[in-house]
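The following paragraphs lead the reader through one protein model. Please keep the sequence and the structure in view while reading.

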Amino acid sequence: MGLYRRKWPRKDGRIMTSKTWWMSAMLDGRQVCKPTGSTNKRIAQQLYDNWRSEIAQGQFNLLKKAPTIKEWAEKYLKTVDHQNTRRRYTCSKANLMAFFGEEARLDHISTARIEEFKQHRREQKVKPSTINRDLRFLAQILKQAQRERCLARSPFDLTKFFLNESRERRKPHILTWEEQETLLAVASPRLRVFTVLGVETGMRTGEMLGLRWKDIEFLNGVIQVGRSKSPSGIRAVPISANCRAELLRWRNLVGPDFSEWVFPNFENRRHRLQNGGRKAWANTLKKAGLPFFPIYYLRHTFASRLTTAGVSPLTIAQMLGHSSTQIVPRYAQVMDQNRLDAIKKLEELKTAAIASQKAAESQTDEAVEGMRQ
């Protein structure tokens with residue numbers, strides 16, 4: 001270790017020596033060599049001392065050999081806890097493997113290759129939202145590789161690759177109060193309580209299906225969500241008097257004596273939502289005369305009603321189980337009543353302005369008439 005000049009043999013047998021000085025040091029249990037770029041030994045010694053000082057202070061991080069996309073993606077998938085998220089990331093992994101190849105290394109993924117991947121997926125008529133999910137998975141594994149020093153810098157730090165999917169996003173159906181009453185009138189007991197839970201708590205479908213009777217505190221009017229999609233989803237959800245009454249009615253039908261689960265999985269049924277699967281939900285909407293929409297949109301109805309009531313975005317995000325307020329506008333839609341109220345306020349403002357102007361003109365006319373007299 002230290003300063004030295006590199007030597008190498010020529011074809012004629014002579015030994016050649018470099019003019020520039022090189023420096024050598026032990027880092028992470030292996031010898032690392034790099035040129036100083038100087039032919040002056042005194043300057044090279046100063047550069048070497050500075051380098052050794054950086055190593056001693058932990059400022060010099062040596063990059064590890066970049067792994068392949070396949071092995072790094074599989075390693076990252078093991079850290080994903082939620083089953084649905086892992087399933088979606090597995091699909092993204094397959095899409096990435098099909099384009100980049102299983103043997104491609106992480107440091108081979110450049111901004112140009114990512115743009116080629118986007119163009120390739122567009123040519124396959126893939127929706128922007130699906131492409132964004134693949135890109136999001138790629139961005140996460142590259143960021144993790146950067147943290148573990150397998151990559152100097154992620155291409156996602158250099159530019160934005162995500163597509164604008166707002167144009168193609170389907171507008172969620174927000175239940176009106178009249179539609180809700182019609183839907184509850186024709187719904188089965190199980191779907192009825194499921195609907196009330198959705199529009200009055202904003203819980204995710206998986207969170208409702210995972211409820212146990214011990215999670216519901218009827219005395220305090222709170223539901224404890226112990227398992228969720230994200231850590232921020234673990235929360236205490238307050239319930240209204242109507243929701244509490246529906247849950248009590250459902251407990252009398254299928255209570256803790258039958259099963260510890262609020263929505264037990266009955267035998268010989270294809271769907272976990274007994275009398276409440278997708279087919280049963282579609283039939284119920286048809287009976288109520290409503291267009292089909294996913295049961296997940298009940299969560300959008302909850303957020304929109306809170307927005308109409310003037311609840312702050314931070315409180316809505318906490319009740320929905322989100323870590324920030326950025327995604328709240330996607331869930332909370334402006335209700336039709338809000339638009340009507342806005343027009344009424346505009347008309348009231350216009351009427352008040354016209355009345356004020358007429359009053360001012362009338363006072364001016366009276367003043368002029370008084371002067372004439």
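Leaving aside residues up to four places away in sequence, Ser259 touches Trp213 and Pro264, where contact means heavy atoms within 4.5 Å. The place of Ser259 is the loop between helix H9 (241-253) and helix H10 (278-287). With a relative accessible area of 13%, Ser259 is buried; buried means under 20% relative accessible area, exposed over 50%, and partly exposed in between, using a 1.4 Å probe and protein chains only. The C-alpha atoms of Ser259 and Arg212 are separated by 8.7 Å, although these residues are 47 positions apart along the chain.

Some remarks on the origin of these values are needed here. The model is predicted: local features need pLDDT of at least 70 and side-chain atom pairs count only at pLDDT 80 or more, whereas totals for chains, interfaces and linings use all residues. Residues are numbered from 1 along each chain as its sequence is written, and side-chain values use heavy atoms, with hydrogens and water left out.

As a whole, the protein has 14 helices and eight strands. Helices (H or I, at least four residues) and strands (E, at least two) are DSSP runs, numbered from the N terminus. Of the 373 residues in the protein, 38% are buried. Among contacts with a separation of 6 or more, 60% are accounted for by residues 24 or more positions apart.

Arg251 is found in helix H9 and, at 32% relative accessibility, counts as partly exposed. Arg251 lies over the face of Phe218, at 4.8 Å from the ring centre. A charge sits over a ring if NZ of Lys or CZ of Arg is within 6 Å of the ring centre and within 35 degrees of the ring normal. Arg305 likewise lies over the face of Trp177, with 3.7 Å to the ring centre. Between Arg251 and Val262 the C-alpha to C-alpha distance is 7.8 Å, and the two are 11 residues apart in sequence.

The aromatic rings also pair with one another. Rings of Phe, Tyr and Trp (its six-membered ring) pair if their centres lie within 6.5 Å; planes under 30 degrees apart count as stacked, over 60 as edge-to-face and the rest as tilted. By this rule there are 10 aromatic pairs. The ring centres of Tyr76 and Phe137 are 6.1 Å apart and the planes stand at 65°, so this pair is edge-to-face. The pair links distant parts of the chain, since Tyr76 belongs to helix H2 (residues 69-77) and Phe137 to helix H5 (residues 128-147), 61 residues apart. Tyr76 and Phe137 are both buried, and together with Tyr89 they form one aromatic cluster. For Phe293 and Tyr297, the ring centres are 6.4 Å apart with the planes at 5°, so the pair is stacked. Both Phe293 and Tyr297 are buried.

The axes of H2 and helix H3 (residues 83-100) come within 11 Å and cross at roughly 175°. Axes are lines fitted to C-alpha atoms, for helices over the stretch in contact, and angles run from 0 to 180 degrees between N-to-C directions. H2 is therefore roughly antiparallel to H3; angles under 35 degrees count as roughly parallel, over 145 as roughly antiparallel, 65 to 115 as roughly perpendicular and the rest as oblique. The residues in contact include Tyr76 and Leu77 of H2, and Tyr89 and Phe100 of H3.

How do H6 and H7 lie relative to each other, roughly parallel or roughly antiparallel? The axes of helix H6 (residues 177-186) and helix H7 (residues 189-201) come within 9 Å and cross at roughly 155°, and the two are therefore roughly antiparallel. Gln180, Leu183, Leu184 and Ala185 of H6 meet Arg192, Thr195, Val196, Val199 and Glu200 of H7.

Finally, two loop residues deserve attention. Lys125, in the loop between helix H4 (111-123) and H5, has a positive phi of about 65° although it is not a glycine. Most residues other than glycine have a negative phi. At 75% relative accessibility, Lys125 counts as exposed. Thr39 lies in the loop between strand E5 (30-35) and helix H1 (41-56) and is partly exposed, with a relative accessible area of 49%.
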